Amino acid sequence: MQRTIHSFVRRRGRITTAQKTALEKFWSIYGIDTDFETVLDLDNILGRKAARMLEIGFGKGETLINMAKIHPENDYLGIDVHLPGIGSLLNAIKTEELTNVRILCADVVEVLKCLPLNHFDAIYIFFPDPWHKKRHKKRRLIQAQFINLLVKYMKKNGLLYLATDWENYAQQMLQVLDNIDELANYMKPGNYAPRFVQRPITRFENRGLQKGHQVWDLLYVRN
């Protein structure tokens with residue numbers, strides 16, 4: 001696969017002592033290293049066969065942790081590149097004593113080739129970088145090229161959840177996704193979805209809501 005887009009912007013956020021310690025102590029337990037070539041055996045890595053969910057860009061991991069606690073019968077894989085957020089998630093996994101969460105530190109565009117096809121029961125993409133400047137919009141993750149690739153990793157009837165607090169990105173998402181042959185809008189074409197109840201309101205989202213920002217959720221099913 002030729003890499004033509006990034007799924008992230010690598011930020012230079014400050015990493016706390018606790019986050020750094022978590023990376024040093026817990027990555028070997030909950031992190032997955034890859035050579036970006038070999039397809040990962042997730043049944044072996046997670047020690048069982050189970051419904052599998054993937055979150056792309058998990059931030060500090062609040063949603064992953066919440067879902068993993070509510071549904072211990074499912075396995076959750078998170079992909080992100082922001083080390084402070086990964087450190088926070090590692091600490092939360094350890095604190096909650098969860099065994100059904102694993103992490104990949106990589107650009108999803110590069111790491112997808114290491115994941116098994118037709119594998120995930122649900123994929124979550126919450127608040128991807130909006131690249132709000134006009135000249136940067138071509139860098140947005142939700143484009144037809146990427147979604148046509150992503151659906152290959154979803155099971156038949158698998159679900160794709162998205163959310164953004166940028167209206168014109170929500171409109172772009174709706175236009176792109178409604179025109180992907182392998183996906184059907186769960187709420188009918190042209191319609192947004194109710195808020196995903198298992199997605200906790202993060203401090204970042206709450207700050208936006210207090211400023212009057214709206215959040216748009218989308219839900220699609222693979223045909």
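Visitor: How many Å apart are the mean positions of the positive and negative charges of the protein?

Guide: The model under discussion is a predicted one. The protein carries 32 positive and 24 negative charges.

Visitor: What radius of gyration does the protein have, and what would a compact globule have?

Guide: The protein has 223 residues, and for that number a compact globule would have a radius of gyration near 17 Å. The value for the protein agrees with this, because it is 17 Å.

Visitor: What percentage of the residues is buried?

Guide: A residue counts as buried when its relative accessible area is under 20%. Of the 223 residues in the protein, the buried ones make up 50%.

Visitor: Where is Phe-127, and is it buried, partly exposed or exposed?

Guide: Phe-127 lies in the loop between β4 (120–126) and α6 (144–150). Its phi is near 55°, a positive value in a residue other than glycine. Most residues other than glycine have a negative phi. The relative accessible area of Phe-127 is 24%, so this residue is partly exposed.

Visitor: Is Lys-188 buried or exposed?

Guide: Lys-188 is placed in the loop between β6 (183–185) and α8 (203–210). Its phi, near 85°, is a positive value in a residue other than glycine. With a relative accessible area of 61%, where exposed means over 50%, Lys-188 is therefore exposed.

Terms used
Residues are numbered from 1 along each chain as its sequence is written. This is a predicted model: local features need pLDDT of at least 70, side-chain atom pairs count only at pLDDT 80 or more; totals for chains, interfaces and linings use all residues. Side-chain values use heavy atoms; hydrogens and water are left out. The radius of gyration is taken over C-alpha atoms; the globule rule is 2.2 Å times the number of residues to the power 0.38. Buried means under 20% relative accessible area, exposed over 50%, partly exposed in between (1.4 Å probe, protein chains only). Lys and Arg count as positive and Asp and Glu as negative; His and the chain ends are not counted. The place of a charge is taken as NZ of Lys, CZ of Arg, CG of Asp or CD of Glu. Helices (H or I, at least four residues) and strands (E, at least two) are DSSP runs, numbered from the N terminus.
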